[in-house]
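Here are my notes for you, as numbered points. Keep the viewer open while you read and click on each residue as it comes up.

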Number of protein chains: 4
Amino acid sequence: MALALQQGQAILRAATAKARELGIAASVVVLDAAGHLKVFSRMDDAWLGSIDVAMKKAKTSVLFEMETQNVWEVCKPGAQAHGLETTNDGLVTFAGGIPLKTLGGELLGAIGVSGGQVSQDFEIASAGSAALPR
Amino acid sequence: MALALQQGQAILRAATAKARELGIAASVVVLDAAGHLKVFSRMDDAWLGSIDVAMKKAKTSVLFEMETQNVWEVCKPGAQAHGLETTNDGLVTFAGGIPLKTLGGELLGAIGVSGGQVSQDFEIASAGSAALPR
Amino acid sequence: MALALQQGQAILRAATAKARELGIAASVVVLDAAGHLKVFSRMDDAWLGSIDVAMKKAKTSVLFEMETQNVWEVCKPGAQAHGLETTNDGLVTFAGGIPLKTLGGELLGAIGVSGGQVSQDFEIASAGSAALPR
Amino acid sequence: MALALQQGQAILRAATAKARELGIAASVVVLDAAGHLKVFSRMDDAWLGSIDVAMKKAKTSVLFEMETQNVWEVCKPGAQAHGLETTNDGLVTFAGGIPLKTLGGELLGAIGVSGGQVSQDFEIASAGSAALPR
C-alpha cells in the first residue's frame with residue numbers, strides 16, 4: 001500500500017499547525033515506505049540546518065521502522081549495534097522521526113521534523129503522524 | 001527578499017492543478033534563491049526518477065537565473081560553455097525549470113517539474129510560476 | 001541583505017592580521033547567509049586539513065546561527081540532539097566558527113577559521129567578525 | 001616551490017580588476033599545484049553556479065597542466081581520450097582555467113574564472129595569470 005499525496009499533505013498540514021501553535025519554525029518531511037521524498041515544507045525563518053536533519057530523521061524511521069529515539073537504544077556506546085548511526089549516510093537518533101503505519105501495522109513511510117527543541121520536534125511529528133488519514 | 005512558505009505553497013498548488021488537468025503525475029519542487037529546498041510534492045504514480053530531475057531543474061534555474069532550456073543553448077555541443085552540465089553536481093538543461101522573480105526582477109527562487117513529456121513539464125512549471133503571489 | 005565582497009574582504013584581512021600576530025598559519029573562510037562561499041584564503045604553511053575544517057566551521061555557524069562551540073552544547077553525548085554533527089555532511093562543533101549579523105540581528109553569513117589551537121582559531125575568528133563593516 | 005598567499009592575492013586582485021573593467025561579476029579561484037584551495041572570491045551578483053565552474057576550471061588546469069580549452073582537444077568526441085571530462089569528479093573544458101607556472105616552467109597552481117561569456121572569463125583569467133609575481 002502506497003502513501004498517497006493526499007495523506008502526505010494532511011500530515012504536513014497538521015504538523016505545521018502544531019509548529020505554529022508552539023511558535024517554532026520547522027522543516028517537515030514525509031517519506032514513503034521506500035525512503036523516497038513525498039512532501040516537504042520549510043517554514044519561514046527555520047534554520048537552514050533543519051532541512052537535512054528532518055530528512056535524516058524520517059529516513060532513520062523508515063530504515064528501521066521505529067521512532068528515531070528508539071534507534072539510539074540500539075546504537076549508543078555499549079549497545080549491540082554501537083556506531084550504527086554512521087551507516088546509511090548518517091542516521092539521526094534523537095526524537096522527531098516517527099514511522100507512519102496502517103492500522104494493520106504495514107509501513108507507509110515516516111515523518112521527520114526539525115527546528116525546535118527536540119521535545120518540540122517530537123510533539124510536532126506526533127501531531128503530523130496522528131493526522132494520517134486511514 | 002526571501003521566498004515565503006505561503007508563496008511556495010501557492011506555486012505548488014497551481015502546478016499540481018495544471019498537472020492534474022494534463023493527466024500527468026509529476027514531482028514539483030520550489031527552491032529559494034540560494035538553492036535550498038522550500039516545498040516539494042510528488043504526485044501519486046509519478047516516476048521515482050522524477051524527484052531528482054525536478055530538483056536539478058530547479059537548481060539549474062537558480063544557479064544561472066534562467067529557464068533550463070536556455071542553459072542548453074550555452075552548454076550544448078559546439079556552444080561556448082559545452083559540458084557545463086557536468087558542473088554543480090549535474091545540471092538539467094531541458095525545459096521544466098523556471099526562475100521565480102519579483103516584479104523588480106530580483107531572484108526569489110525557482111520551480112522545477114518532472115513527470116510528463118518535456119513540453120508538459122514546461123507547461124506545469126509555467127502555471128506554477130505564474131501563480132507566484134506578489 | 002547580502003554580504004558584500006568588500007565586507008568579506010575586510011573580515012578576511014582582519015582575521016589574517018590577527019593570525020599573523022599570533023604566529024599562526026590559518027585557513028579563513030567567509031560564507032554568505034545561505035552557506036555559499038564568498039571569500040577564502042589559506043596562509044602559507046597552514047595545514048591542508050585546515051581548509052575543510054574552516055569551511056565546516058563556517059557552515060555550521062550558518063546552518064544553526066550560532067558559534068560552533070555552542071552547537072556542541074546541543075549535540076554532545078547526553079545532550080538532546082546527540083549526534084547532530086553527522087548531519088549536513090558533517091558539522092564542526094568546537095570553536096572557530098562565528099555567525100556574522102547586522103546590527104539588527106539579521107544573518108549575513110559566517111566566518112570559519114582553522115590552523116592553530118582552538119582558542120587561537122576562536123581569537124582569529126573573533127577579530128574577523130569584529131571587523132565586519134556595517 | 002609553493003604558491004605564496006601574497007602571489008594568490010595579487011592574482012585575485014588583477015583578475016577582479018579586469019572583471020570590473022569588463023562589467024562582469026565573477027567567481028575567481030586560485031588553487032595550488034596540488035589542487036588545494038589557496039584563495040577565492042565571489043564578486044557581488046555573480047551567479048551562484050559560477051562558484052563550482054570556477055573551481056572545476058582551475059582544477060582541470062592543475063590536473064593536466066594546460067589551459068582548459070586545450071583539454072577539450074584531447075577529450076572531445078572522436079579524440080583519443082574522449083569522455084575524459086567525466087573523470088576527477090568532472091572537468092570543465094572550455095576557456096577560463098589557466099595554469100600558473102614559474103619562469104622555469106614549474107607548476108605553481110592554476111586560476112579559474114566563471115561569471116561572464118567564456119571569452120570574458122578567459123580574458124579575466126589571463127589578467128590574473130599575468131599578474132603572478134615572480
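1. Some ground rules. This is a predicted model, in which local features need pLDDT of at least 70 and side-chain atom pairs count only at pLDDT 80 or more, while totals for chains, interfaces and linings use all residues. Residues are numbered from 1 along each chain as its sequence is written, chains are lettered from A and ligands numbered from 1 in the order in which they are written, and side-chain values use heavy atoms, with hydrogens and water left out.

2. Ser61(D) touches Met66(D), Glu67(D), Thr68(D), Gly97(D), Ile98(D), Pro99(D) and Ala110(D); contact here means heavy atoms within 4.5 Å. You'll find Ser61(D) in helix 2 (residues 49-64) of chain D. Its relative accessibility is 0%, so Ser61(D) counts as buried. The labels work like this: buried is under 20% relative accessible area, exposed is over 50%, and partly exposed is in between (1.4 Å probe, protein chains only).

3. Now zoom out to chain A, which has four helices and four strands. Reading from the N terminus, their order is α-β-β-α-α-β-β-α. With a radius of gyration of 14 Å, close to the 14 Å from the globule rule for 134 residues, chain A is as compact as a globular protein of that length. (Helices, H or I with at least four residues, and strands, E with at least two, are DSSP runs numbered from the N terminus; the radius is taken over C-alpha atoms, and the rule is 2.2 Å times the number of residues to the power 0.38.)

4. Chain A's C-alpha trace spans about 40 × 35 × 20 Å along its principal axes. Of its 134 residues, 58% count as buried. Take the contacts in chain A between residues at least 6 apart in sequence: 65% of them join residues at least 24 apart.

5. Next, the greasy bits. The largest nonpolar core holds 65 residues, and those touching the most other members are Leu37(A), Val29(B), Leu37(B), Phe40(B), Leu84(B) and Leu84(C). Helix 2 (residues 50-64) of chain B gives this core its largest share, seven residues. Apart from it lies another core, of 42 residues, including Met43(C) and Ile111(D). (A nonpolar core is a set of buried Ala, Val, Leu, Ile, Met, Phe, Trp, Tyr and Cys residues joined through side-chain atoms within 4.5 Å.) As background, nonpolar side chains tend to be buried together in soluble globular proteins.

6. Do click on Leu37(B). Leaving aside neighbours within four places in sequence, its contacts include Phe40(A), Arg42(A), Ile51(A) and Met55(A), along with Val29(B) and Met55(B).

7. Two loop residues deserve a check. Asp89(B) isn't a glycine, yet its phi is positive, about 60 degrees; Asp89(B) sits in the loop between helix 3 (68-75) and strand 3 (97-101) of chain B. With a relative accessible area of 68%, Asp89(B) is exposed. Asp45(C) also has a positive phi, near 75 degrees, and at 76% relative accessibility Asp45(C) counts as exposed.

8. Last stop: is Gly90(A) buried or exposed? At 5% relative accessibility, Gly90(A) counts as buried, although its place is in a loop, between helix 3 (68-75) and strand 3 (97-101) of chain A. Beyond four places in sequence, Gly90(A) touches Lys56(A), Lys59(A) and Glu85(A).
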